[in-house]
Structures are given as structure tokens and as C-alpha cells.
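Here is a friendly briefing to keep beside the viewer.

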Amino acid sequence: MLASGKLTANSSRQPELIQPEPTTPRVLTILSTVIEKLVARNDRIVDGMSSGLTRLGKSLNAFHGVRAPSISIQKYLERLYKYTSCSPSCFVVGYVYIDRLLHKHPDSLVVSLNVHRLLVTSVLVASKMLDDEHHNNAFYARVGGVSNAELNKLEIEFLFLLDFGVMVSSRIFENYCLHLEKEMLLNGTLQKIERPIPSNSLDDVTEISVDDTHNSTSPSQVVD
């Protein structure tokens with residue numbers, strides 16, 4: 001689970017191979033809309049505090065950047081999907097993880113300073129749980145615009161914050177899909193999330209810098 005230097009034993013995917021342009025799944029648009037709304041609300045809450053982030057809990061401190069990245073949440077999610085080729089279900093499960101984390105640590109908020117690191121980490125963990133083949137941490141770090149060393153630390157921090165509760169049942173998955181679709185409906189848009197989910201995910205219980213471009217088939221290098 002925490003191995004970060006190599007591809008998994010059953011993975012034959014090579015990071016340098018040129019891959020065809022994937023079709024953007026609807027879940028990315030839905031999820032970005034919901035998260036952008038959440039972040040905007042939380043940023044307003046923080047801005048209204050006399051001492052800002054210092055009044056919040058320290059649980060998510062590891063995910064805070066010095067400044068908010070210039071790339072939008074939707075473009076960032078599309079970038080993760082385009083280059084990592086993880087299954088669309090990883091984004092729903094990543095959202096489940098973030099929601100679980102916030103329930104376990106209610107004094108923490110997802111804001112513009114931490115949302116990108118939370119997203120890349122949650123999708124990384126979800127891909128390890130869902131996909132038979134997935135890229136290693138070094139590749140995800142390159143795509144996500146952080147160093148490999150930082151992403152390794154963020155993954156460990158993320159898992160401990162979740163108490164390693166990373167199993168998601170098919171019922172929970174479906175409930176979150178319905179929740180996200182309902183949020184879109186409240187915004188006046190009817191969109192359905194793609195439902196396929198790999199069978200190996202089921203159980204019985206319930207400062208970032210990236211090149212915001214889609215012109216190449218290989219992710220840009222991390223900017224120091």
C-alpha cells in the first residue's frame with residue numbers, strides 16, 4: 001500500500017509511453033463543481049476569521065501550501081485523469097476519503113491552500129485500492145506538481161488521518177454518486193456519474209506547480 005518507488009507487481013504500465021487522449025468522464029465536471037463550491041465557502045469563512053487559518057485545526061497542516069495554485073480544480077482533476085489513466089471511480093472514492101477525513105477531524109476545512117494536495121493524495125490512494133494497474137508515487141507526484149518525497153509523506157499522513165479506513169463498499173460508493181448528482185441538480189444541471197467500479201474495491205463494511213496545458217501527452221516536470 002505504501003510502496004512508492006516502484007510500480008505494483010502486476011502493473012506493466014510505463015510512465016513514458018504516449019497514451020491516447022482520454023474522453024473526460026462526467027464525474028470530473030460534477031466533482032469539480034461540488035468541490036469548488038465547498039472551497040469558495042470555506043475560503044470565505046477563513047477570510048472572516050480575525051486570525052485566519054490559525055483558528056483552524058492542525059490536522060491538515062501538512063497539505064497546506066504557501067499560496068493557492070493557479071490551476072483550477074477542474075483542470076487539475078482533468079490533468080490527473082489524463083496522465084494517470086486511473087479509473088473514473090477513483091475520483092468518487094477519493095471524495096469519499098476526503099469526506100471521511102473531515103468527519104474525523106471536524107475542525108479542519110478544505111480550502112484553496114490545501115485542496116490540490118488533498119486531491120492528488122486521495123486519488124493516489126484510491127487508485128491503489130481500485131485499479132489492478134496503477135502508476136507509482138513518483139509518477140503521481142510529477143503529474144500533481146509536488147515532489148516525490150512530499151507525496152510520500154502526504155500519503156502516510158492521509159492514511160493515518162483516516163485511521164487506514166480506505167475500504168469503500170458498493171453501497172457507500174452508490175450513495176456518494178447519488179449525493180454528487182443531487183448537488184448538481186440543485187445547481188440546475190442534471191448529470192449522471194459513470195457507475196462502473198472494479199470488483200477488488202468492494203467489501204462488506206462500510207507549493208504546487210503544474211503546467212496547465214493539454215497539448216502534450218506527457219506531464220511536465222515539477223517546477224522547484
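## Salt bridges and the overall picture

In a salt bridge, the side chains of E155 and K128 come together with N and O 2.8 Å apart. Please keep in mind that this is a predicted model. The chain is built from seven helices and has zero strands, and buried residues account for 49% of its 224 residues.

- Because R117 sits in helix α4 and E150 in helix α6, their pairing ties together parts that are 33 residues apart in sequence.
- D163 forms a salt bridge with K104, with 3.4 Å between the closest N and O atoms.
- That pair links distant parts of the chain, since D163 is in the loop between α6 and α7 and K104 is in helix α3, 59 residues apart.
- K104 is partly exposed, with a relative accessibility of 43%, whereas D163 reaches 56% and so counts as exposed.

**The nonpolar core**

- How many residues does the largest nonpolar core have? This core has 57 residues, and I35, F91, Y97, L119 and F158 are those with the most contacts inside it.
- Two or more residues come from each of these elements: α1 (26-48), α2 (73-84), α3 (89-104), α4 (115-130), α5 (137-144), α6 and α7.
- Helix α4 is the element that gives the most to the core, contributing 10 residues.
- For L119, once neighbours within four places in sequence are set aside, the contacts are I35, I73, Y76, L77, L80 and I98.

- T84 lies in helix α2, and a polar atom of its side chain is 2.5 Å from the backbone oxygen of L80.
- T84 is classed as buried because its relative accessible area is 1%.
- S85 is found in the loop between α2 and α3, and its phi is near 55°, a positive value in a residue other than glycine.
- With a relative accessible area of 28%, S85 is partly exposed.
- For context, most residues other than glycine have a negative phi.

**The loop between α6 and α7**

- Where is D163 found? D163 is in the loop between α6 and α7.
- Although D163 is not a glycine, this residue has a positive phi of about 55°.
- D163 also takes part in the salt bridge with K104 described above.
- F164 is in the loop between α6 (148-161) and α7 (170-186) as well.
- The relative accessible area of F164 is 41%, which means that this residue is partly exposed.

**The surface**

- Which residues form a nonpolar patch on the surface? They are I156, F160 and F164, and together they have about 300 Å² of accessible area.
- For the chain, the accessible surface comes to about 10800 Å², and 55% of that belongs to carbon and sulfur atoms.

Notes: Residues numbered from 1 in each chain as written. Predicted model: local features only at pLDDT ≥ 70, side-chain atom pairs only at ≥ 80, totals over all residues. Heavy atoms only, no water. Patch = residues over 30% accessible without salt bridge, like charges linked within 9 Å, V, L, I, M, F, W, Y side chains within 5 Å. Areas by Shrake-Rupley, 256 points an atom, 1.4 Å probe, with all protein chains shown as cover. Salt bridge = Lys/Arg side-chain N within 4 Å of Asp/Glu carboxyl O. Helix = DSSP H or I, 4+ residues; strand = E, 2+ residues; numbered from the N terminus. Buried < 20%, exposed > 50% of the residue type's maximum accessible area, 1.4 Å probe, protein only. Core = buried A, V, L, I, M, F, W, Y, C linked by side-chain atoms within 4.5 Å. Contact = heavy atoms within 4.5 Å. Polar contact = N/O pair within 3.5 Å; in protein donor to acceptor, adjacent residues only side chain to side chain.
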